[in-house]
Amino acid sequence: EAARMALTLAEGARSDQTYPIHRREMRVAESLVRLDRFDEAVGTAQRAVDAAPEKSDLLARWRCEVELVAVCAQAGRNQQCIELLAKLLRVPSGLTVPMLKVDPTWDNVREDAALKALLADPKNSAPL
């Protein structure tokens, strides 16, 4: 019930111009994940990334991309998740190898061989 209520509020806030569109869409995506509506969640999160500023605010864009990756992980989209993680580990996105090893957000993909290889690669642990 709480997840449905959160989705209703997030969808209602889509027209609120106080916040950037990418933030509003990501709230909807996160609510959809909680309702196990994974395909809709991934699509909405991707639209949020597409709406995020590319050059003017890289930190906001990377945050949005990190949230997309988390949605992909929760949706079981391992390949898409790992491809995006490979990119985000090479920029100052806030994601780190130690975080990926312990944060429960990544539990669904942690045993994936491709993720294990990504985490074992020393270039992904290098300081940025």
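Tutor: What covers the buried residues of helix H7 includes H5 and H6; contact here means heavy atoms within 4.5 Å, and helices are DSSP runs (H or I, at least four residues; strands are E, at least two), numbered from the N terminus. This is a predicted model, so local features need pLDDT of at least 70 and side-chain atom pairs count only at pLDDT 80 or more, while totals for chains, interfaces and linings use all residues. Residues are numbered from 1 along each chain as its sequence is written, and side-chain values use heavy atoms, with hydrogens and water left out.

The buried residues in H7 include Leu-115, Leu-118 and Leu-119. They cover an arc of only 95° around the axis, which puts them on the same side of H7; that arc is taken from the directions from the helix axis to the C-beta atoms. Buried means under 20% relative accessible area, exposed over 50%, and partly exposed in between (1.4 Å probe, protein chains only). The face of H7 turned away from the buried side carries the exposed residues Ala-113 and Ala-120.

Leaving aside residues up to four places away in sequence, Leu-85 touches Leu-115 and Leu-118, along with Val-69, Leu-95, Leu-100 and Trp-106. Leu-85 is also among the residues with the most contacts inside the largest nonpolar core, together with Cys-81, Leu-95 and Trp-106; this core has 38 residues. A nonpolar core is a set of buried Ala, Val, Leu, Ile, Met, Phe, Trp, Tyr and Cys residues joined through side-chain atoms within 4.5 Å. H7 (113–120) supplies at least two residues of the core, as do H5 (78–88) and H6 (97–102). The largest share, 9 residues, comes from H4.

H4 also takes part in charged pairing. Glu-67 meets Arg-23 in a salt bridge (2.9 Å, N to O), a pair that links helix H4 to helix H2 across 44 residues. A salt bridge is a side-chain nitrogen of Lys or Arg within 4 Å of a carboxyl oxygen of Asp or Glu. Glu-67 is buried at 16% relative accessible area, whereas Arg-23 is partly exposed at 22%. Glu-67 meets Arg-27 as well (3.1 Å, N to O), and shared partners join Arg-23, Arg-27, Glu-30 and Glu-67 into one network.
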